[in-house]
Amino acid sequence: MRTRPLKVALLGCGVVGSEVARIMTTHADDLAQRIGAPIELAGVAVRRPSRVREGIDPALVTTDATALVKRGDIDVVVEVIGGIEPARTLITTAFEHGASVVSANKALLAQDGAALHAAAEQHDKDLYYEAAVAGAIPLIRPLRESLAGDKVNRVLGIVNGTTNFILDKMDSTGAGYQEALDEATALGYAEADPTADVEGFDAAAKAAILAGIAFHSRVRLDDVYREGMTEVTASDFASAKNMGCTIKLLAICERAGDGGSVTARVHPAMIPLTHPLASVRGAYNAVFVESDASGQLMFYGPGAGGAPTASAVLGDLVAVCRNRLSGATGPGESAYAALPVSPMGDVVTRYHISLDVADKPGVLAQVATVFAEHGVSIDTVRQQGKDGEASLVVVTHRASDASLSGTVEALRKLDTVRGVASIMRVEGE
Ligand SMILES: NC(=O)c1ccc[n+]([C@@H]2O[C@H](COP(=O)([O-])OP(=O)(O)OC[C@H]3O[C@@H](n4cnc5c(N)ncnc54)[C@H](OP(=O)(O)O)[C@@H]3O)[C@@H](O)[C@H]2O)c1
């Protein structure tokens, strides 16, 4: 074993970074054996240097992250600051000054992954980011390496623990969205500003990363269709239950049409209770991968939290250190397929539509005609009437999102349709 240590610079020492430092210290001997050389924490960049950081030598702490990555003797930079800047500049500076990089930064990877991969390649360095998607769950490396000989057709996942906690609460207790969000906040599952989670931005960043890796193509954050879950109601859950379904916020990446393009989207959807993703409870994450040869695979586990996320960071750190010792680099970006990303209108799936209609003869026929005119075939219809008003629940066969949008637009124009109470996609069948 080499005795000269590999030097690691830690950028950020918050929820994830502090756990990375702790595991590096407490498992130092094992990590050295697994890598073939000891690793040394050479510096820790933070924003507030006076903060007490247990287990960290204060002499290592600096607010000058740029100087740390420019030192020239750093082997690996671990970026766990988050956000776009200064993380992006620090990572590219690290490559320029001879270091490889491990990052947990989904927002940055989803936005600028291509440029960062290019910078890594230009300097012959590694860029690893297992922790950026679904915390502790091994997903990037299985897609990038274990499934490199297979053809992935679909990735369907629950990749945001906060929203899964909220939806699970609504499902199991009958609570409304706000009540479930308040509980998630009180228990520390939701941040004070939950927008990134509940509006689907966090999941969309992960979908972009997953789609790019799964389909060997470049998929940017802007390519991902996104709908949050703030409009999901207790009555949507009641409808879902009637159909033997529950509701999850899903990230769905799939090959479209004849396989010549891909789609990536995040939205709430009904899934059958028999689907493995339906039983993912609380703040857990799970990702279902369908590919030609392997069939269906499911990856399940804690998708966030300091220690689980640090586990993924440490796995990358060991891999990058091993590469470093052997003078090699691991797999970089694989975007050779260059598949275009199709718009949401091309996505084909099933729909559950709930309409408020006048309770009088002929309404059902009028509604059915609108569906037929737009080429959307109806699977089931359920009607409940009361005091001259009625609700009509229509479940369709598979149709394109564009056809469904046209149908809904036309339905809204019917005198007998008082309103479209909800539209929810039905997935996983
Ligand atoms: N938390 C999770 O469960 C989780 C899960 C998966 C991925 N991630 C990703 O991991 C990354 C870190 O998340 P986190 O939850 O650990 O964040 P965090 O608790 O807010 O920690 C951020 C750290 O970065 C430091 N920092 C902020 N701005 C800085 C600057 N300009 N220069 C140097 N240091 C700076 C902060 O310093 P101070 O300590 O002085 O404030 C803090 O130590 C993010 O990309 C996040 O998306 C997090």
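Visitor: What does the side chain of arginine 53 have 2.9 Å away from one of its N or O atoms?
Guide: That's an oxygen atom of the ligand, 2.9 Å from an N or O atom in the arginine 53 side chain. Keep in mind that this is a predicted model.

Visitor: And how much of the ligand does the protein bury?
Guide: The protein buries 79% of the 910 Å² that the ligand exposes when taken alone.

Visitor: OK, which backbone atoms come up against ligand oxygens?
Guide: Here are two cases. Valine 16 has a backbone N or O atom 2.8 Å from an oxygen atom of the ligand. For glycine 14, a polar backbone atom is 3.1 Å from a ligand oxygen.

Visitor: Let's switch topic. Which domains is the chain divided into?
Guide: Domain 1 takes in 6–135 plus 306–326, domain 2 runs over 140–302, and domain 3 covers 344–426.

Visitor: How many residues are in contact between domain 1 and domain 2?
Guide: On the domain 1 side 18 residues take part, and they're in contact with 17 residues of domain 2. As for the C-alpha centres of these two domains, they lie 28 Å apart.

Visitor: Now aspartate 168. Where is that one?
Guide: Aspartate 168 sits in helix 7, which spans residues 161–173.

Visitor: Is aspartate 168 buried or exposed, and why?
Guide: Aspartate 168 counts as buried because its relative accessible area is 10%, and the cut-off for buried is under 20%.

Visitor: Which residues is aspartate 168 in contact with, leaving aside neighbours within four places in sequence?
Guide: Those would be Arg281 and Gly282. With glycine 282 there's a polar pair too: its backbone nitrogen lies 2.7 Å from a polar atom of the aspartate 168 side chain.

Visitor: One more, serine 311. Which helix is that in?
Guide: Serine 311 is in helix 12, residues 306–326.

Visitor: Why does serine 311 count as partly exposed?
Guide: Serine 311 has a relative accessible area of 42%, so it falls in between the 20% limit for buried and the 50% limit for exposed.

Visitor: What separation do the C-alpha atoms of serine 311 and cysteine 245 have?
Guide: They're separated by 34 Å, with serine 311 and cysteine 245 being 66 residues apart along the chain.

Note on methods. Residues numbered from 1 in each chain as written. Predicted model: local features only at pLDDT ≥ 70, side-chain atom pairs only at ≥ 80, totals over all residues. Heavy atoms only, no water. Polar contact = N/O pair within 3.5 Å; in protein donor to acceptor, adjacent residues only side chain to side chain. Areas by Shrake-Rupley, 256 points an atom, 1.4 Å probe, with all protein chains shown as cover. Helix = DSSP H or I, 4+ residues; strand = E, 2+ residues; numbered from the N terminus. Buried < 20%, exposed > 50% of the residue type's maximum accessible area, 1.4 Å probe, protein only. Contact = heavy atoms within 4.5 Å. Domains from an automatic or database assignment.
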